[in-house]
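The model is a predicted one.

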Amino acid sequence: MAKKKYYVVWEGLQPGVYDNWEEAGAQVKGVHGAKYKSFASKSDAEKAFKGNYWNYAGTDTKTIKKSKPELEKMGVILDSLAVDAACSGNPGDMEYQGVHVRTGQQIFHVGPFPEGTNNIGEFLGLVHALAWLHQQNSPHIPIYTDSKNAQAWVKAKKCRTKLEPTLQNAPIFELIRRAEHWLATHHFNNKILKWETDKWGEIPADFGRK
């Protein structure tokens, strides 16, 4: 039997705490910038609703998170950036963010944009992180991603999406164009590393909406 979940909607048609996805989903479907997350208990959900979404956006509420010392012992480089994307549908509203692994500080957040895909978001997140580190003159700080596709696309300097351009997703394809141009005109030494979710839990930049 599936465990019951509670859903917090911070930004949507009707913010609040819901005890089923049918009602919660109706508050966020089609709402650009909607902010929501599931919790395992009603008390946790009610506490979260009183707080700020960004205090919970990159956390895993379903399993106990490993501490920073534990991650470091397992080989994670804490002085690094982690990037991740979220997409409500395929295609759907897509956004991505970058987080400093040691501190949990959000370095950037972009979107959401309509009619995108998760793979595109992962790719754009990596390039954004590379460009940011380039501006910071930090060529030795690695970047973690849980997307093999994004790693391959950055290596190829090409976003190999099969998504068709439309008027609605034109801003996304403009970001892709700029990202590919940056990759073609810049050299970087930052390592792009695979985040081992099975060993380490969700990547620190995870939006926590699973």
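Which residue forms a salt bridge with E11? The partner is K35, with the closest N and O atoms 3.7 Å apart. K35 is buried, at 14% relative accessible area, whereas E11 is partly exposed at 42%.

The whole structure holds 5 salt bridges. Another of them pairs E72 with R102, whose closest N and O atoms are 4.0 Å apart. This pair also links distant parts of the chain, since E72 sits in helix α3 (residues 68–73) and R102 in the loop between β5 and β6, 30 residues apart. Both count as partly exposed: E72 has a relative accessible area of 43%, and R102 has 37%. E180 and K158 meet in a further salt bridge, at 3.9 Å from N to O. E180 is buried at 17% relative accessibility, while K158 is partly exposed at 43%. Through shared partners, salt bridges join E72, D79 and R102 into one network.

The nonpolar side chains come next. The largest nonpolar core has 29 residues, of which I120, F123 and L124 touch the most other members. Helix α4 (118–135) is among the elements giving two or more residues to this core, and its 9 residues are the most that any gives. Beyond its neighbours within four places in sequence, L124 contacts M94, Y96, L175, I176 and A179. A second, separate core has 11 residues, including V76, V99, W195 and A205.

How values were computed. Residues are numbered from 1 along each chain as its sequence is written. This is a predicted model: local features need pLDDT of at least 70, side-chain atom pairs count only at pLDDT 80 or more; totals for chains, interfaces and linings use all residues. Side-chain values use heavy atoms; hydrogens and water are left out. A nonpolar core is a set of buried Ala, Val, Leu, Ile, Met, Phe, Trp, Tyr and Cys residues joined through side-chain atoms within 4.5 Å. Buried means under 20% relative accessible area, exposed over 50%, partly exposed in between (1.4 Å probe, protein chains only). Helices (H or I, at least four residues) and strands (E, at least two) are DSSP runs, numbered from the N terminus. Contact means heavy atoms within 4.5 Å. A salt bridge is a side-chain nitrogen of Lys or Arg within 4 Å of a carboxyl oxygen of Asp or Glu.
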